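Let's take a friendly walk through a protein model together.

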Amino acid sequence: MSTDIEHRVETAAAPSPPEQAAQPLQGAHKNRIRLWLLLLAALLGVGFLVFEKARTRQAAATAQAQASKGPASIPVAVASARAGDIPVYLNGLGSVTPLNTITVRTRLDGQLTRVDFQEGQFVKQGQLLAEIDPRPYEVQLAQAQAQLARDQATLDNAKADLARYQYLADKQVIPKQQLDTQASVVVQDAAVIKVDDAQIDNAKLQLTYCRITAPISGRIGLRLVDQGNLVHAADANGLAVITQIQPIAVVFTIPEDSLNSVIQKFRGGQRLAAEAYDRSGQTKLVAGRLLTMDNEIDPTTGTNRLKAVFENNANALFPNQFVNIQLLVETQKDKVLIPAVAIQRGPNGAFVYVVKPDQTVEVRKITVGTMEGSEAAIETGLAAGEQVVVDGVDKLQAGSKVQVGAKPETGP
């Protein structure tokens with residue numbers, strides 16, 4: 001029985017004839033795939049080697065061509081040094097201040113019957129601004145005139161009596177003392193007439209005060225009292241405020257170390273020009289002149305206050321506005337001028353890159369004088385007409401070949 005079982009196991013484990021035939025076919029197929037993969041890898045390797053050799057030959061040819069041409073030119077921008085004049089300014093921060101500020105007030109007590117101005121309006125000197133009810137003062141004028149008429153009649157009667165007393169005194173009808181007394185009465189009545197005339201003039205003056213006019217020309221501010229209100233001469237605020245803005249002043253400060261140059265010019269009779277710029281210092285607002293300077297130095301800041309005046313015809317300056325002032329103290333003549341951006345700084349001081357005729361650069365040490373705005377005056381080391389590099393200096397060194405006029409490269 002065990003023999004039968006072993007026979008059945010061997011029979012089940014043995015492959016069938018079709019399976020035995022398929023095994024050699026599958027092995028041949030796998031061998032062909034491996035062969036193709038090896039062939040493809042060989043082709044890729046040969047192609048890579050050919051590509052690397054071609055690239056190497058091209059790089060060598062490019063390097064040889066560049067070597068035959070010499071070093072590459074560095075693109076730069078240049079500017080020519082020129083001969084000219086450069087101004088010397090003193091800079092200071094200032095505040096715009098009106099030459100005159102007037103608070104318009106009434107000189108009388110009364111009702112405000114008319115307001116004849118617009119807020120923010122530019123008014124001229126003598127222009128009507130407001131009116132106060134004149135009727136009480138017209139009554140006072142009429143009373144003074146009536147008083148004058150009565151006193152004038154009294155004076156005329158006293159003069160007539162004096163003439164009669166004079167006649168009687170000449171005839172020695174009356175004593176001389178009576179004549180002298182009458183003469184005194186005439187003098188007293190004449191003095192009363194003068195008082196009446198003064199009262200009339202005062203009443204007329206009060207009537208003129210009923211018309212409130214602008215004492216100066218300038219810009220009027222906000223209305224402080226409305227029409228119909230009772231106003232008084234003792235009112236603290238007044239009716240409005242007028243500021244004179246044409247011309248207008250700017251009070252600014254400069255360091256005490258710079259004061260001597262200003263004093264010498266100012267006391268010599270020179271009119272020093274002043275220019276006002278906005279807060280950024282870029283936009284010029286108006287030009288004017290130095291008016292005066294303070295008589296003492298502020299010990300806490302070490303500065304001195306100066307006042308400049310500007311016509312301000314275009315109303316570019318406004319009261320209490322902050323501005324930058326440039327005060328022209330002198331103009332240096334016949335200086336070599338270059339753009340300030342061309343100046344480089346190093347351990348040995350200031351220098352510039354000068355472009356030579358062979359299109360190479362030279363490092364030139366210079367002495368810098370006055371710098372104003374975007375220009376600088378060169379005291380030594382440079383002549384008018386020479387070209388200096390103003391852009392593209394990052395890659396330069398002495399002897400570098402440059403390409404003038406091209407846009408310089410930026411960055412590394």
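Predicted model: local features only at pLDDT ≥ 70, side-chain atom pairs only at ≥ 80, totals over all residues.

Residues are numbered from 1 along each chain as its sequence is written, and side-chain values use heavy atoms, with hydrogens and water left out.

Helices (H or I, at least four residues) and strands (E, at least two) are DSSP runs, numbered from the N terminus. Find helix 4, residues 176–209. Its 34 residues reach 50 Å from the first C-alpha to the last, close to the 50 Å expected at 1.5 Å a residue (the expected span is 1.5 Å times one less than the number of residues). Several residues of helix 4 are buried, among them Leu179, Val186, Ile193 and Ile200. Buried means under 20% relative accessible area, exposed over 50%, and partly exposed in between, using a 1.4 Å probe and protein chains only.

What do these buried residues of helix 4 pack against? Their partner is helix 3 (135–170). Helix 3 and helix 4 pack at an angle of about 165°, with their axes 8 Å apart (axes are lines fitted to C-alpha atoms, for helices over the stretch in contact, and angles run from 0 to 180 degrees between N-to-C directions). That makes helix 3 roughly antiparallel to helix 4, a label for angles over 145 degrees.

Now move to strand 17 (residues 349–355), where 6 of the 7 residues are buried, so the strand is largely enclosed by the rest of the structure. Two strands pair if DSSP finds at least two bridges between them. Strand 17 runs antiparallel to strand 16 (residues 344–346), joined by 3 bridges, and arginine 345 stands opposite alanine 350. Strand 17 also pairs with strand 18 (residues 361–365) in the antiparallel sense, over 5 bridges. Another antiparallel neighbour is strand 21 (residues 387–391), linked to strand 17 by 2 bridges.

Finally, look at the loops. Glutamine 359, in the loop between strand 17 and strand 18, has a positive phi of about 65° although it is not a glycine. Is glutamine 359 buried or partly exposed? Glutamine 359 is partly exposed, with a relative accessible area of 30%. Asparagine 312 also has a positive phi, near 60°, but asparagine 312 is buried, at 1%.

Conventions
Contact = heavy atoms within 4.5 Å. Parallel < 35°, antiparallel > 145°, perpendicular 65-115°, else oblique.
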